[in-house]
Amino acid sequence: MQGKELKTLAAAMIAVALLAGCSSNKSNEEASSGGPSPSSSASAASGDAPQANELSWKKDTSPFKFTQYFYGNWGSAYIWKDQYAMKLATEKTGVTVDRKLATGSDDDYLNTMIASGDLPDSIMLDWNNPAVTKLIKNGMVYSMDELIDKYAPEFKSMLDPDMVKYHSIDGKLWYLPNEYETQDRLTSGVPIVPVRPWFIRSDIYKAIGSPKIETTDDLMNALKAAKAKFPDISPVGLEFFDVSKNGFGGSLSMDYLIDSFSPHLLEERVKDDQQIVEYPMRNKGFIDAFRYLNQLYRNGLFDPQLLIYKQEQYEEKLYGAKYAVASQYMNNMYTTYNPKIESTIGKDQTYTVLDGLKANGQDPRYPASRLMGWQGFFITKQAKDPGRIIRFAEYAWSDEGQMDMRYGKEGETYDMVDGLPKYKPDILQTALKDHATFDAKYGFQDSTLLWRAGKLWDDAAARDLKESQPEQYDASQLLSKYDYDSYSLGMENLTPDGSTPEAVINEKVIDLWNKTIPKLVLSKSDDEFNNVYNNFIKQMDQVGAEKVEKVMYQLHLNDLQKKGLK
Amino acid sequence: MNITSRSWSSRGFDLLNVILLTALCIVTLYPFYNIVITSLNDPTDAARGGITLWPRVFSIDNYRIVFKDNQIVHAFFITVARTIVGTATAVLFTGAFAYGISKSELVGRRIFLMLAIVTMYFGGGIIPYYLLIAKYLHLKGDFLVYIIPNLFNVFNAIIMLTFFRTLPKDTEESAKIDGANDLRIFFRLVLPVSKPVLATIALYNAVSHWNAWYDAMLFGNDNLLTLQQILMQIISSNSNVSQLASQLGYGAVNSTSLKLATMVITTLPIVFTYPFIQKYFVQGVMIGSVKG
Amino acid sequence: MPAKRSLTKQIWLQRYLMILTLPAVIWILLFSYVPMYGLIIVFQDYTPFQGFIHSPWVGFDNFRELFADPTFRESLSNTFKMSIAKLVFGFPAPIILALLLNELVFKRFKRIVQSLTYLPYFVSWVLVVGFMYTLLDPDTGVITKLLVRLGLIENGTMLMGDAHAFLALAVITEVWKNIGWNSIIYLAAIAGIDPQLYEAAVVDGANRFQRVWHITLPSLKPTIIILLILSIGGLVSANFDQLFLMQNSMTQDAANVLAVYSYKMGLVSGRFSYGTAVGLFQSLVAFILMYVANYTSRKISKESLF
């Protein structure tokens with residue numbers, strides 16, 4: 001449950017960052033301070049970097065296999081099965097990763113392993129998962145510092161000091177975070193779109209006379225016009241509502257509205273004078289977004305079924321282009337839905353992105369914090385040869401390893417074009433057209449999962465997106481102009497720790513809010529809406545929401561401190 | 001039934017019965033039928049939904065993709081092996097217990113039965129169980145982990161017990177007088193006349209072995225992968241997280257029709273066991289032979 | 001002394017019966033009783049890394065919190081409502097199906113019906129709930145249209161989002177899914193009935209309804225009673241998969257049964273001790289219900305489980 005809102009945000013960001021079939025990782029010359037910066041010299045990164053000779057992993061390249069559990073039962077693409085990138089890594093280092101997934105619930109599986117002390121050699125686990133504390137406090141994993149000092153001293157200088165600071169617990173680094181983005185990510189690489197944008201079906205837009213849709217009122221009018229011309233079409237499509245899965249917005253599609261109605265939501269939630277971080281439900285603009293949804297409903301523009309749909313039902317309707325305006329991840333819309341709609345129904349019914357909506361005369365603001373990491377790489381005390389594993393991580397972390405895993409061999413799978421790596425045309429085509437085959441054959445995004453920031457591949461990803469998906473690139477550009485850097489606000493990881501009484505209260509608040517959303521949206525009058533809302537606030541206070549808000553303030557301070565901002 | 005001449009009311013009932021059961025068949029068959037036709041539809045087109053009576057764009061691509069995975073053949077053999085071995089051993093093991101308990105003279109009968117019944121309601125949870133199997137019995141990664149922990153099932157024991165209690169006592173008693181011991185009576189006399197209940201319990205066991213994936217996940221390894229585990233992996237890839245994965249560009253989200261194809265492949269073999277089991281449900285033949 | 005000797009002797013006489021029985025008894029002790037030490041965590045604030053021995057002891061705190069939580073009480077009453085409805089409709093259904101099947105004149109048709117009605121058992125709840133959304137869609141759902149035409153519901157009713165319809169839908173789908181599968185055991189029991197009984201009844205001039213009433217049903221009685229006793233024990237448990245998948249933000253009050261509650265508390269929030277306490281409470285109630293049902297049955301019908 002931890003950091004749900006953040007995860008959503010992260011997902012949206014990665015979405016954009018990793019389009020075009022290339023995993024991009026971000027930026028920053030300092031990040032790879034172990035050698036010449038990749039941006040200054042492209043060839044340095046492509047395999048024969050001078051630093052490579054000194055690295056510890058070269059000392060032993062005899063065959064070696066270690067086991068790894070990956071937290072995520074859906075990740076079958078990550079299992080090592082002779083893919084190009086995996087083979088290349090094995091060829092160079094002698095190492096094979098025997099990666100295992102859970103079937104069914106990952107939490108069940110992980111907790112059983114932890115409780116019984118029966119762990120694999122290494123674990124890939126979201127760095128903000130509650131189990132991380134268990135692993136560390138229980139002494140079940142090595143600290144990276146210990147292993148690096150002992151087996152791979154050169155590795156230390158290759159780690160970004162900011163990253164080490166942010167991710168250290170009790171003064172030590174316990175895992176290597178995958179996908180940690182550095183500061184300049186906001187200005188380099190693929191444009192970030194941190195919300196699920198709303199789209200309009202092209203033919204309907206034309207049929208209603210292609211009006212300007214700049215404000216929330218414009219959208220309301222456009223929907224009314226669409227409803228009049230296409231009475232059988234459902235005017236608005238939103239992703240499923242479930243507060244415990246999607247955060248307090250309820251649906252991942254709501255952020256688009258919330259960021260319009262409450263452009264300063266994150267700042268407004270922090271009340272330094274009272275030492276609390278408010279629940280967003282206390283914010284007027286946040287509630288206005290739901291009021292707007294209620295207006296849509298009362299005008300017959302919102303199908304109440306969306307409140308009970310699961311993901312599958314929404315997907316099915318979207319594949320059938322059954323909505324005039326629909327919300328979806330930028331990347332999903334342009335790489336999955338639109339192509340399918342085009343091939344089964346027709347190009348005229350594909351969707352075009354809407355610009356950010358103004359409300360009350362204000363521009364929207366999208367909180368585009370960079371990603372602090374995804375999965376962390378842990379080495380457990382069960383590992384028979386932790387030295388070999390940390391040395392393998394060193395290889396993966398090096399420019400050489402990053403390029404091997406991302407692009408393969410120069411001249412064989414990629415070429416340098418204008419100083420940036422680019423897949424050979426046939427591979428690029430496979431990546432775009434048949435991602436499953438791309439994964440199965442090359443595994444360029446599935447190998448070590450030790451991705452680190454680097455301007456070289458960031459810029460390559462941005463260029464590839466621009467070239468292969470110009471429509472999506474332009475759409476991303478259109479929306480990313482509303483981005484602001486929310487990193488310094490310290491609003492990440494505000495969810496109270498699972499075992500505390502505040503976590504229980506938080507669960508109750510989530511439950512209450514989950515039940516309240518449908519009532520708000522389906523209110524028949526403003527009075528009813530206000531009653532339902534006031535009732536909710538009363539109930540929320542009764543279960544002790546204030547205690548959680550105090551804890552969230554402490555967590556907010558912790559976050560700032562970790563980032564070195566306070 | 002087939003002996004008497006039929007009255008009008010009886011015929012009317014027959015007609016009504018046939019209509020009623022036909023309706024029930026349609027209602028129960030349709031979802032399964034829908035699954036089959038959707039799995040035979042082109043995956044891209046199937047995403048639009050609305051396939052009701054026959055495939056809109058016929059294609060066997062889904063099946064081709066599923067069979068491309070060579071794990072599935074291996075998993076098929078593992079699953080068949082555990083189903084056959086597991087069913088045979090469990091029916092015998094549980095049946096022997098149930099037969100013993102069915103004898104009122106057995107010393108400790110009530111204690112044994114209570115011991116068994118209590119376990120229907122109380123358990124220590126997954127962690128101690130895991131430690132027992134993995135740490136103390138060292139069954140993890142061994143094919144026997146599918147067999148030994150499933151040897152006994154309280155519910156099945158109770159069903160068999162109920163059946164054994166209804167068996168006529170006289171044949172057994174006369175066999176005893178002839179000098180046969182309880183083992184011999186159980187195997188030679190009781191089991192042969194218990195075919196309907198044995199068939200039922202065998203079906204229960206076979207289905208639960210076939211559908212099991214949790215033990216395979218906890219205690220198995222790549223060599224012990226079962227069909228249902230593959231199905232679970234494919235079904236669970238629809239979760240939110242996999243959406244995230246597809247966002248990341250890591251692996252595509254599976255289409256509905258592909259999932260359904262996997263489901264058909266992993267379910268059909270077990271579904272077809274029932275018609276075979278049914279032949280042991282022929283009324284009276286067995287009991288008659290006891291009496292006769 | 002003589003009593004003891006006679007017991008030993010008795011056991012020796014029963015040695016072959018013991019050979020049949022004891023392996024399973026040992027199995028039960030090993031696989032079911034040994035892991036029960038895990039239950040001690042209900043008296044602890046268990047954390048996996050402190051383990052069963054070192055986790056702090058909290059006495060009955062978990063239970064105190066449990067009984068004080070209004071959501072728990074709501075979930076308990078929901079569970080009973082749900083289970084009683086399922087028992088009332090779900091229990092007789094397979095018996096009726098078995099009897100109807102047994103009355104079929106065409107044996108081939110009987111076998112076909114048998115094989116088809118048990119198919120839904122193999123369709124996972126995820127898919128069943130998916131079908132429900134399709135069939136109950138307010139605009140396009142076949143069943144919604146039918147009900148509207150019959151005047152039972154208003155046009156545009158969203159059945160999947162209706163907390164009042166939740167119970168009925170849960171019961172209907174459960175019956176539909178399990179009726180064929182659950183009838184197997186009765187069909188097997190019917191197969192065990194001595195045909196001479198029917199022949200004798202025919203000679204006595206009994207019609208087919210009388211035969212069902214006086215022969216088939218009494219022969220099924222032991223099976224019915226045993227299964228009923230077990231079902232009564234199951235009153236505190238409700239089908240987690242089904243209800244968890246069927247619930248949504250508009251029906252979650254109705255769907256909050258014990259299993260869902262303990263899932264949310266135990267697994268999602270990672271509170272092992274509390275989740276186990278919920279489970280233990282559930283087991284205790286189930287065991288008591290089953291025990292009472294068994295006792296009552298023994299007094300009334302002379303049939304009992306033990």
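Two strands are taken to pair if DSSP finds at least two bridges between them, and helices (H or I, at least four residues) and strands (E, at least two) are DSSP runs numbered from the N terminus. The views below show a predicted model, in which local features need pLDDT of at least 70, side-chain atom pairs count only at pLDDT 80 or more, and totals for chains, interfaces and linings use all residues. Residues are numbered from 1 along each chain as its sequence is written, while chains are lettered from A and ligands numbered from 1 in the order in which they are written.

**View 1. The open sheet of chain A.** In chain A, 5 strands form an open sheet with mixed pairing, in the order 2-1-3-12-4. Strand 2 (95–101) and strand 4 (176–177) of chain A stand at the edges with a single partner strand each, so one side of each has no neighbour in the sheet. Strand 4 of chain A pairs with strand 12 of chain A in the antiparallel sense over 2 bridges. Leu176(A) is found opposite Phe377(A) of strand 12 of chain A.

View 2. Strand 3 (residues 122–126) of chain A is largely enclosed by the rest of the structure, because 5 of its 5 residues are buried (20 or more other C-beta atoms within 10 Å of the residue's own, with C-beta atoms placed from the backbone; 12 or fewer means exposed, and in between is partly exposed). In a regular strand the side chains alternate between the two faces of the sheet. Here Ser122(A), Met124(A) and Asp126(A) point one way, and Ile123(A) and Leu125(A) the other way. With strand 1 (residues 64–70) of chain A, strand 3 of chain A pairs in the parallel sense over 3 bridges, and Met124(A) is the bridge partner of Phe70(A). With strand 12 (residues 375–379) of chain A, the pairing of strand 3 of chain A is antiparallel, over 5 bridges. Ser122(A) stands opposite Ile379(A) of strand 12 of chain A.

**View 3. The two domains of chain A.** Chain A is divided into domain 1 (4–188 + 372–478) and domain 2 (198–367 + 496–562), with bounds that come from an automatic or database domain assignment. The C-alpha centres of domain 1 and domain 2 of chain A lie 33 Å apart.

**View 4. Helix 1 of chain B.** The 32 residues of helix 1 (residues 8–39) of chain B should span 46 Å at 1.5 Å a residue, which agrees with the 46 Å between the end C-alpha atoms; the expected span is 1.5 Å times one less than the number of residues. A kink of about 35 degrees lies at Leu29(B), shortly before the proline Pro31(B); the bend is the angle between axes fitted to the seven residues ending at a residue and the seven starting there. Buried residues of helix 1 of chain B include Leu21(B), Thr28(B) and Ile35(B).

**View 5. Thr71(C) and its surroundings.** Thr71(C) lies in helix 5 (residues 70–90) of chain C. With 15 C-beta neighbours inside 10 Å, Thr71(C) counts as partly exposed. Leaving aside neighbours within four places in sequence, Thr71(C) is in contact with Asn256(C) and Tyr261(C) (contact requires C-beta atoms, placed from the backbone, within 7 Å). Thr71(C) and Leu17(C) are 54 residues apart in sequence and 50 Å apart in space, C-alpha to C-alpha.

Key: Two residues are in contact if their C-beta atoms, placed from the backbone, lie within 7 Å.
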